[in-house]
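Subject: Structure handover

Hello,

Here is the structure we talked about. My notes follow it.

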Amino acid sequence: MIRESYAEAAGRRVRYLDAGAGWPLILLHAFPLNADMWRPQLDRVPGGWRFVAPDLRGFGPAASAPTATPTLEQMATDVTALMDELAIDRAVAGGLSMGGYLSMALVRVAPERVTALVLANTRAQPDTPEGRQGRDTMIDLVRRSGPSAVADQMIPKLLGETSQRARPHLPPMLRRMIELNSPEGIAAALHAMKARPDSTPVLSRFGAPALVIAGEEDTLIPVGDSEAMHGLMPRSHLVVLPTAGHVSNLEVPDDFSEALGNFLNSNI
Ligand code: MLT
């Protein structure tokens, strides 16, 4: 059963979903979605585990617009504040894409609280100059035309070719999540991602277990980037999911949950 709750953490009211009981895995969502993207995994929590999925600052149905542009490190501090509130001392940190950038930021700001990493459809490198320009273009777009224009642009990129052809339930699901967000929340996250540092050094020093998940049809984060990230960490496992694009946990939810469950049960 998935529970939906609210916590006061670092002066913010945070919505989070959780399911199961036991060792915690914090699941951090992608841009520009919210905690609901993790429902398929929250529906299949392995025995002995508790999955907790918060809405990140500026995202989700309860979000207030951020008052200032946060850095990913500040967003990571939001996560540790929620962990404090939930009396979670240490956890596995897992994230997809932006959620992965944030998991790496968590290792930078509070390494002692991260027992293992799950990095799905994400990369260690910072934005390229063209990538940063693309962020500015999307910031203009969301300020001018709102979240639905961002949905128009992002949905085809989030889905692999198999999903675009054969999984018609996904575009409306993604659109609902994207359109719930505030334009300011979306713009703030774009600024934070644009300014993120290179996480290669922090991953090279990460000695705990890690699971890297890639989507074979992901055009935003090519499989090669995941292979490079996997190569950095001595205890990393790599899983490449067939017929999955960028939001692999939604596109092939059973395969994603199985890879996650196998990793948690045999490595932690
Ligand atoms: C995401 O899915 O979180 C985004 O594609 C990340 C990004 O734009 O770099």
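How many nonpolar, polar and charged residues are in the lining of the largest pocket? The lining has 11 nonpolar, 8 polar and 5 charged residues. Ala, Val, Leu, Ile, Met, Phe, Trp, Tyr, Cys and Pro count as nonpolar; Asp, Glu, Lys and Arg count as charged; the others, Gly among them, count as polar.

This is a predicted model: local features need pLDDT of at least 70, side-chain atom pairs count only at pLDDT 80 or more, and totals for chains, interfaces and linings use all residues. Residues are numbered from 1 along each chain as its sequence is written, and side-chain values use heavy atoms, without hydrogens and water.

**Pocket**
The largest pocket has a volume of about 530 Å³. A pocket here is an open set of points on a 1 Å grid over the protein atoms alone, where a 1.4 Å probe fits, with protein on both sides within 12 Å along at least five of seven lines; lining residues have an atom within 4 Å of a point. The volume is the space filled by probe spheres set on the points. Of the 24 lining residues, Y101, R123, G131, R135 and L220 are closest to the centre. α4 gives the most to the lining, with 5 residues. Helices are DSSP runs (H or I, at least four residues), numbered from the N terminus.

**Ligand**
The ligand takes up the space of the largest pocket (more than half of its atoms lie within 2 Å of the grid points).
- Y101, side chain: 2.6 Å
- M98, backbone: 2.8 Å
- S97, side chain: 2.9 Å

Regards

How values were computed: A polar contact is a pair of N or O atoms within 3.5 Å; within protein, one must be able to donate a hydrogen and the other to accept it, and residues adjacent in sequence count only if both atoms are side-chain atoms. Helices (H or I, at least four residues) and strands (E, at least two) are DSSP runs, numbered from the N terminus.
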